[in-house]
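Dear colleague,

Please find the structure below, together with its sequence.

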Amino acid sequence: MFRSDDDYLSRVEALRQRVAEAAEELNGRGIRPTVARIRAALGGGSPNDLAPALKVWKESFQPTSYS
């Protein structure tokens, strides 16, 4: 089955949004967002897909310092 670039990009953007929401929730509770914690919060997902999305979030967000 042929997938368009637009379909792929919209799926990547949807994943980035879900990861950002989970990361913000964790950060709001004072927990440093990691791939493992994001994966647990989302109920699964490939670390190979989650890591780049988390990196995008981290680059756009200056988290508070963690103890």
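Predicted model: local features only at pLDDT ≥ 70, side-chain atom pairs only at ≥ 80, totals over all residues.

How are helix 1 and helix 2 oriented to each other: roughly parallel or roughly perpendicular? Two packed helices are described by the angle between their axes and the distance between the axes. Here, helix 1 (residues 5-28) packs against helix 2 (residues 35-42) at an angle of about 105°, and their axes lie 10 Å apart. Because angles of 65 to 115 degrees count as roughly perpendicular, helix 1 and helix 2 are roughly perpendicular to each other.

The contact between them brings Arg18, Val19, Ala22, Ala23 and Leu26 of helix 1 together with Arg37, Ile38, Ala41 and Leu42 of helix 2. Of the residues in this contact, seven are nonpolar, two are charged and none is polar.

As to the chain as a whole, it contains three helices and zero strands, in the order α-α-α from the N terminus on. Buried residues account for 19% of its 67 residues. Its accessible surface amounts to about 5100 Å², and 50% of that belongs to carbon and sulfur atoms.

Val19, Ala20, Ala22, Ala23, Leu26 and Asn27 are buried in helix 1, and their cover includes helix 2 and helix 3 (47-60). After helix 1 comes Gly30, with a positive phi near 80°.

Yours sincerely

Terms used: Residues numbered from 1 in each chain as written. Heavy atoms only, no water. Helix = DSSP H or I, 4+ residues; strand = E, 2+ residues; numbered from the N terminus. Buried < 20%, exposed > 50% of the residue type's maximum accessible area, 1.4 Å probe, protein only. Areas by Shrake-Rupley, 256 points an atom, 1.4 Å probe, with all protein chains shown as cover. Axes fitted to C-alpha atoms, helices over the stretch in contact; angles between N-to-C directions. Parallel < 35°, antiparallel > 145°, perpendicular 65-115°, else oblique. Contact = heavy atoms within 4.5 Å. Nonpolar A, V, L, I, M, F, W, Y, C, P; charged D, E, K, R; others polar.
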